[in-house]
Each structure stands twice: as structure tokens, then as C-alpha cells.
Amino acid sequence: MIAFKEFKDIQNQKDLYLLVAEFYKKLLADSRINYIFTDVVKIKIEEHLPILVVFWSQMILGTGGYTNNLTDIHLKVDQLKHLSPALFDIWLHHFFETVDQNFYGKNANEIKLQAKNLSIILQIKIGRQNK
């Protein structure tokens, strides 16, 4: 008999922590994009993940609390190393895959839509910066 994984929707910050932790495992294992995190910005993953949880919690669960300027952060990273459309495609692929492997429902669909919208907005702003 085949065992099927039970899927639930994203319901709380614990779910979001699971999502971003699994997502970053994929990003850091992918040599096409991991250098952005390891060499360019040198993130400290244990400090970065809780910030991402607060960001996505605000976006999806309406909890508030995210105070950083996401656009400025990415524009500064782009000045160090160009964030190309291909990098955004890789980022989205891993994000969607991680959501789909762990969650199903309204919030899971919403977080993918918000990620896609964020990708588009950031690429437009990076394009303007680089004119």
C-alpha cells in the first residue's frame, strides 16, 4: 500500500518556518543561485529565517511586524551582483516546489501568487535602477 503525505494549508508561523527552512535548503544546494547567499550577501541562515517568517506571516496571515525595506535590500544586492531574471526564475521554481511539497490550500496558493508578484515587482525596480 502506498502511503500518501497528508497536506495541510499554511496556518501559522511554525508552518512558515518549515517552508522557509526547506526552501533555503534547496537554494543553498543549487549552485546556480547559492553564491548570492553564500558569497555576495553572506547570510547567516539562523538569523535570516526568522526574518523571512515574519515577512511571510505579514503577507499571508496578516500578523504585521516586518519593518525592513524589501525593495532596498534587493536593490543593494543587485548593485553587488546583478539579480538576473534567470535567478528570479530559479528562486520561484524552488519556492513553488517547496510550497507544493508541503502545503495545499488557500494560503499555499496565496503565498505562491505573492512570491510571483514580488518577483515581478523586484525585477521591474532592478531594471529601473540599472538604466
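Predicted model: local features only at pLDDT ≥ 70, side-chain atom pairs only at ≥ 80, totals over all residues.
Helix H5 spans residues 85-102 and has 18 residues. From its first C-alpha to its last, H5 reaches 26 Å, close to the 26 Å expected at 1.5 Å a residue.

Helix H6, residues 106-129, has 24 residues. Its first and last C-alpha atoms are 34 Å apart, close to the 34 Å expected at 1.5 Å a residue. The buried residues of H6 are Asn107, Ala108, Ile111, Lys112, Gln114, Ala115, Leu118, Ser119, Leu122 and Ile126. The buried residues of H6 pack against H1, H3, H4 and H5.

Residues three or four places apart in an α-helix point the same way, because there are 3.6 residues a turn.

## H1 against H3

Two packed helices are described by the angle between their axes and the distance between the axes. For helix H1 (residues 13-29) and helix H3 (residues 45-61), the axes come within 9 Å and cross at roughly 125 degrees. The two helices are therefore oblique to each other, and the crossing of H1 and H3 is right-handed.

On the H1 side, the contact is made by Gln13, Leu16, Tyr17, Val20, Ala21, Tyr24 and Leu28. These residues meet Ile45, His48, Leu49, Pro50, Leu52, Val53, Trp56, Ser57 and Leu61 in H3. By class, the contact of H1 with H3 has 13 nonpolar residues, three polar residues and no charged residues.

## H3 against H6

The axes of H3 and H6 come within 10 Å and cross at roughly 115 degrees. H3 and H6 are therefore roughly perpendicular to each other, with a right-handed crossing. H3 contributes Phe55, Trp56, Met59, Ile60 and Leu61 to the contact, and H6 contributes Asn107, Glu110, Ile111, Gln114, Ala115 and Leu118. The residues of this contact divide into eight nonpolar, two polar and one charged.

Trp56 and Leu61 of H3 belong to the contact with H6, and both residues also meet H1.

## H4 against H6

Helix H4 consists of residues 70-80, and the axes of H4 and H6 come within 10 Å, crossing at roughly 55 degrees. H4 and H6 are therefore oblique to each other. The crossing of H4 and H6 is right-handed. Leu70, Thr71, His74, Leu75, Asp78 and Gln79 of H4 make the contact with Leu118, Leu122, Lys125, Ile126 and Gln129 of H6. By class, the contact of H4 with H6 has five nonpolar, four polar and two charged residues.

Leu118 of H6 takes part in the contact with H4 and also in the contact with H3.

## Lysine 42

Lysine 42 lies in the loop between helix H2 (34-40) and H3. Although lysine 42 is not a glycine, its phi is positive, at about 50 degrees. The relative accessibility of lysine 42 is 56%, so this residue counts as exposed.

Technical notes
Residues numbered from 1 in each chain as written. Heavy atoms only, no water. Axes fitted to C-alpha atoms, helices over the stretch in contact; angles between N-to-C directions. Helix = DSSP H or I, 4+ residues; strand = E, 2+ residues; numbered from the N terminus. Parallel < 35°, antiparallel > 145°, perpendicular 65-115°, else oblique. Left-handed = near helix turned anticlockwise from the far one by under 90°. Contact = heavy atoms within 4.5 Å. Nonpolar A, V, L, I, M, F, W, Y, C, P; charged D, E, K, R; others polar. Buried < 20%, exposed > 50% of the residue type's maximum accessible area, 1.4 Å probe, protein only. Expected span 1.5 Å × (residues − 1).
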